[in-house]
Amino acid sequence: MTFPFHYRQLLHGGEQLCVEDLSLADLAERYATPTYVYSESYLRQRFHAFTHALGPQTTLCYAVKANANLSILNRLARWGAGFDIVSGGELARVLRAGGDPTRVVFSGVGKSRDEIRRALEAEIYCLNVESPAELARIEQVAAELGCRAPIAMRVNPDVEASTHPYIATGLRETKFGIPMAEAPLLYERAARSRHLEVLGVACHIGSQLLDLAPIAEAARRVVQLYEALGRQGIHLQHLDLGGGVGIRYHDEQAPTPADYAAILDAALGDLPVRRVVELGRALVGNAGALLTRVEYRKYNGNRAFCVVDAAMNDLLRPSLYGAWHEIWPLERRAAAQAPMDVVGPVCESGDFFAKARPLPADLREGEVLAILGAGAYGFAMSSQYNSRPRAAEILVHGTDARVIRRRETLGELWAAEEPCA
Ligand SMILES: *Cc1c(COP(=O)(O)O)cnc(C)c1O
């Protein structure tokens with residue numbers, strides 16, 4: 001799989017960072033900064049690498065929350081993806097982008113009545129139930145609509161995934177899922193209901209998992225539940241193993257699609273069930289970069305800062321998780337490097353992209369940097385904090401670049417407000 005961001009020797013002007021066949025400097029000039037840039041070819045390669053490795057018995061549902069841009073969803077829908085959604089807004093996006101509702105699974109601990117109703121009306125494939133109270137509510141809404149709600153229980157397999165605590169979801173004490181031990185009774189209840197159709201079981205233990213052993217362990221526990229339910233006379237048609245496959249941000253060894261497929265095969269063997277997976281980051285994370293321009297260089301005492309025009313409102317991951325993102329100058333040079341903090345203009349000390357990061361000592365005001373690995377949970381988590389209009393998003397394919405979300409205007413900052421209430 002070829003990483004889409006690479007330096008290329010240009011005829012005049014040294015080595016320039018490109019995405020596919022376009023110079024990022026040209027894109028920054030044309031669309032200004034901060035701007036997200038995504039590689040369509042890389043996204044497509046990742047999607048096909050996973051679907052190919054996982055085989056025809058698996059439905060790959062893209063986790064919309066990683067990057068919900070309509071053009072990203074539309075490409076994935078055309079390539080045959082299903083979708084994992086966590087809100088009514090995401091359902092609306094998937095439908096708007098031409099996604100197939102019969103390939104949609106709905107996760108999340110807090111589905112409202114209205115969200116459940118809209119999911120049932122759209123005839124999505126399955127709702128992943130996260131509590132007995134939610135099961136009762138889904139049953140009631142289905143009864144009101146006179147239909148049967150297709151459901152899977154999202155169980156909490158109680159396995160520890162080594163990742164940041166904010167994105168570990170498979171331990172007993174998190175808010176997610178139904179405790180394994182309580183699942184059989186709940187399945188009994190659901191199986192007797194006229195308004196519920198029991199389809200499967202689901203789990204999702206966390207995100208950015210580099211070690212797949214916990215995913216394998218969770219899958220084995222799900223299989224045990226599947227077998228126990230079979231003995232109770234409840235026969236499931238699918239197992240949803242969630243998402244969470246990690247990617248390389250820095251020097252990590254990320255699992256390959258083949259590694260992932262192999263651990264699922266080992267855990268599931270030849271069970272006669274459909275498999276569903278819910279991948280977000282692994283598909284789109286390394287397809288994207290955030291372009292940002294250097295506003296100032298400054299020194300406080302002996303600490304060097306590089307103040308850029310993007311901030312935590314554009315890309316929250318470093319502030320929220322202390323996450324590492326590669327930061328590359330668009331123009332590669334042999335010059336000496338010096339450690340500097342790359343920070344945004346937002347009024348928070350937590351507003352940084354990197355601390356003491358070696359970057360060219362001669363980095364100039366006005367130069368553009370690319371913050372890599374920004375395709376997942378980048379724009380999707382962005383906000384207008386500090387009244388900063390959200391960045392533009394550009395989708396590149398070969399030599400073609402198109403604006404898939406224009407930069408917000410100042411007027412949009414207050415478009416939903418009453419001017420003089
Ligand atoms: C966030 C989430 C995913 C996707 O996680 P990635 O790490 O992006 O693959 C899948 N399933 C559920 C239920 C999620 O909440």
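The model is a predicted one, in which local features need pLDDT of at least 70 and side-chain atom pairs count only at pLDDT 80 or more, while totals for chains, interfaces and linings use all residues. Residues are numbered from 1 along each chain as its sequence is written, and side-chain values use heavy atoms, with hydrogens and water left out.

It is handy to begin with the annotated region. An unreviewed UniProt entry lists residues 36-375 under "domain: Orn/DAP/Arg decarboxylase 2 C-terminal"; UniProt positions follow the numbering used here, feature names are shortened, and annotations may be inferred rather than shown by experiment. Helices (H or I, at least four residues) and strands (E, at least two) are DSSP runs, numbered from the N terminus.

The unreviewed UniProt entry places "modified residue: N6-(pyridoxal phosphate)lysine" at Lys65. In the model, Lys65 sits in the loop between β5 (58-63) and α3 (70-79). Lys65 has 37% relative accessibility and therefore counts as partly exposed; buried means under 20% relative accessible area, exposed over 50%, and partly exposed in between (1.4 Å probe, protein chains only). With neighbours within four places in sequence left aside, Lys65 is in contact (heavy atoms within 4.5 Å) with Val86, Glu90, Tyr377 and Ala380. Cys347 is found in the loop between β18 (337-343) and β19 (352-360), and its relative accessibility of 65% makes it exposed.

Glu20, in the loop between β2 (15-19) and β3 (22-23), is not a glycine, yet has a positive phi of about 50°. Glu20 counts as buried, at 10% relative accessibility. A positive phi, of about 65°, also occurs at Ala32, which is not a glycine either. Ala32 belongs to the loop between α1 and β4 and is partly exposed, with a relative accessible area of 35%. Pro34 lies in the loop between α1 (24-31) and β4 (35-39), and the peptide bond leading from Thr33 to Pro34 is cis, with omega near -5°.

Helix packing comes next. Two packed helices are described by the angle between their axes and the distance between the axes. Axes here are lines fitted to C-alpha atoms, for helices over the stretch in contact, and angles run from 0 to 180 degrees between N-to-C directions. Helix α2 (residues 40-54) and helix α9 (residues 257-268) have axes that come within 9 Å and cross at roughly 30°. That angle makes α2 roughly parallel to α9, given that angles under 35 degrees count as roughly parallel, over 145 as roughly antiparallel, 65 to 115 as roughly perpendicular and the rest as oblique. On the α2 side the contact is made by Arg46, Ala49, Phe50, Ala53 and Leu54, and on the α9 side by Pro257, Ala258, Tyr260, Ala261 and Leu264. Sorted by class, this contact of α2 with α9 has nine nonpolar, no polar and one charged residues; Ala, Val, Leu, Ile, Met, Phe, Trp, Tyr, Cys and Pro count as nonpolar, Asp, Glu, Lys and Arg as charged, and the others, Gly among them, as polar.

A second pair is formed by helix α6 (residues 132-145) and helix α7 (residues 183-192), which pack at an angle of about 5° with their axes 11 Å apart. This makes α6 roughly parallel to α7. From α6, Pro132, Leu135, Ala136 and Glu139 meet Leu186, Arg189 and Ala190 of α7. The contact of α6 with α7 has five nonpolar, no polar and two charged residues.

Arg148, in the loop between α6 and β9 (149-156), is partly exposed, with a relative accessible area of 47%. Beyond its neighbours within four places in sequence, Arg148 is in contact with Ser193, Arg194, His195, Leu196 and Glu197. Arg93 lies in helix α4 (residues 88-96) and counts as partly exposed at 34% relative accessibility. Not counting residues up to four places away in sequence, Arg93 touches Ala68, Asn69, Leu70 and Leu73.
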